[in-house]
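Please read it alongside the sequence and the coordinates shown here.

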Amino acid sequence: MPLTSRRLRAALLATASVTLVAATLPAPEPLGIGDRLFPHLGNPGYDVLSYDISLTYKGSNTEPLEAVTTIDARTTAPLERINLDFTRGAVRSVEVDGLLAEFATAGEDLIVDAPARLPAGVPVRVTVRHTSDPSGDRANGGWVPTADGLAMANQADAAHRVFPSNDHPADKAYFTFRVTAPKDLTVVAGGLPAGKREHAGATTWTYRTAHPMATELAQVSIGRSAVPRRTGPGGLPVRDVVPAADREKLEPWLAKTPAQLAWMEKQVGPYPFETYGLLVADTETGFELETQTLSLFERSLFTGTGHPEWYVDSIMVHELAHQWFGNSVSPRSWSDLWLNEGHATWYEARYAEEHAQKPMERRMREAYARSDTWRAAGGPPARPDVPSPDHKISLFRPVVYDGSALILYALREEIGEAAFDRLERTWVRAHRDGSATTRQFTDLAARIAGRDLTEFFDGWLYGKKTPPMPGHPDWTSETPRNAVPAQGPARAPKPE
């Protein structure tokens, strides 16, 4: 119900205090929390505690889904309006604490007038009835049509193209997904099953997360899927979602996950979530994605013939490592992305070294040779250039992958392997289920090393030129060339 609704205006006019507030409010405008790379993402004044998202899929992956998103939050400042990130959907109505509310849109914000001024520190529930449209520009993320349904790819700024939200990893929350689909389809979402109800030719599937999640990591799969299950370390439930026709063909790949989980736990400690698995989607995205507890992979990665086995294994470990680095410990700002991708690339490379005799030192030396070119093309790792407005995925450049794993290699050379191992384990333990900053990582590294590392990190994280590699004075970086093409939201070394 837009701001011009006569019925809603008449209801609001019955309350003089609300009329006064509405009359004095400035024009609606998009807000943000000041992220340097995505200035309009996130919204000030509240902290989301949970999302309850209901979606109705009628069988067409090009038609809008009917949806209801309920957001439970707590105000952190007095609010007369609540800004939500949302676009690519029609808003039917909005309620605040059960009362119908006026709303407007500006930019990619849905702006809701509170029925009365909300003080700081109080709970608030916002319910938005809307559509969720999968037919938009796929290059900007959101819903991803597959051969038999839909999946999500919301990184970095696309969750609000699917559901209203505070779409920034600094504000993590618990999620409940309730998805209704024709009964011949299977629905799986992030988290664990919490109920299944059949009715009138359709089934409603419910899933809940046991840990808070960033909006960009939400995942819902709808399709003709098989869901093979197995057990990981410590009895962890592992469930995969694959095209039903490919279940047998994909089984040798899926069977690798428990051992990969055990390997990662040996590196950094216990797996941080309630379940894990692979979502193998029959679609072409150009990337794989670490959606929380259910990583998204293209079917062709496993069924094609262009990649050697070690390469596919390393991609699997890259997305698995993200469950610790990026998912459990999320970036406080998008400039902290190097912590996600640098660590995932680091463990991907270490796995390839241990399991496929692909030397880490060789890969890092090659990365060092290209590092100045990457920095010139995309900025230094912890201060990346702003992505192209019409291609936000261009944020995912080589400098945040191998260029950032190179920082971890230099750090291990600088402080020693034992201190580096303590740093990694302490980092994921101390910031589990939270969002953390580059400064927190560098401060922790200095405490564990027992000495000031300011000069080291200033050069490696923010320098236009790559500093000398500790222990390898003979390593050289090539003169910067032309800009390097952007990567997608996950990358791995090219097969040899």
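1. The side chain of R375 reaches the backbone oxygen of G459 at 3.4 Å, a polar contact in the sense of a pair of N or O atoms within 3.5 Å, where within protein one must be able to donate a hydrogen and the other to accept it, and residues adjacent in sequence count only if both atoms are side-chain atoms. R375 itself belongs to helix α8; helices here are DSSP runs of H or I with at least four residues, strands are runs of E with at least two, and both are numbered from the N terminus.

2. The model is predicted: local features need pLDDT of at least 70, side-chain atom pairs count only at pLDDT 80 or more, and totals for chains, interfaces and linings use all residues. Residues are numbered from 1 along each chain as its sequence is written, and side-chain values use heavy atoms, with hydrogens and water left out.

3. A salt bridge requires a side-chain nitrogen of Lys or Arg within 4 Å of a carboxyl oxygen of Asp or Glu.

4. Leaving aside residues up to four places away in sequence, R375 touches residues including P380, P381, V399, G459, W460 and K464, contact being heavy atoms within 4.5 Å.

5. D474 forms a salt bridge with R365, and the closest N and O atoms are 3.4 Å apart. D474 lies in the segment after α12 and R365 in helix α8, so the pair ties together parts that are 109 residues apart in sequence. Both partners are partly exposed, D474 at 45% relative accessibility and R365 at 39%.

6. The count of salt bridges by this rule comes to 23. In one of them, E80 pairs with R117, the closest N and O atoms being 3.8 Å apart. This pair links distant parts of the chain, with E80 in strand β3 and R117 in strand β7, 37 residues apart. E80 counts as partly exposed, at 28% relative accessibility. E108, D157 and R161 are linked in a network of salt bridges.

7. R129 and E95 form another salt bridge, with the closest N and O atoms 3.6 Å apart. R129 is in strand β8 (residues 123–132) and E95 in strand β4 (residues 91–96), so that this pair links distant parts of the chain, 34 residues apart. R129 is partly exposed at 33% relative accessibility, as is E95 at 23%.

8. Three strands form an open antiparallel sheet in the order β3-β7-β6; two strands pair if DSSP finds at least two bridges between them. Its edge strands are β3 (79–85) and β6 (103–106), each of which pairs on one side only. Strand β6 pairs with β7 (residues 109–118) over four bridges in the antiparallel sense, and F103 stands opposite V112 in β7.

9. A cis peptide bond joins Q155 and A156, with omega about 5°; A156 is in the loop between β10 (149–153) and β11 (174–182). A200, although not a glycine, has a positive phi of about 45° and is found in the loop between β13 (192–199) and β14 (202–208). T293, also not a glycine, has a positive phi of about 70° and is found in the loop between β20 (278–281) and β21 (295–298).

10. Are A200 and T293 buried or exposed? A200 is exposed, with a relative accessible area of 87%, whereas T293 is buried, at 1%.

Terms used. Buried means under 20% relative accessible area, exposed over 50%, partly exposed in between (1.4 Å probe, protein chains only).
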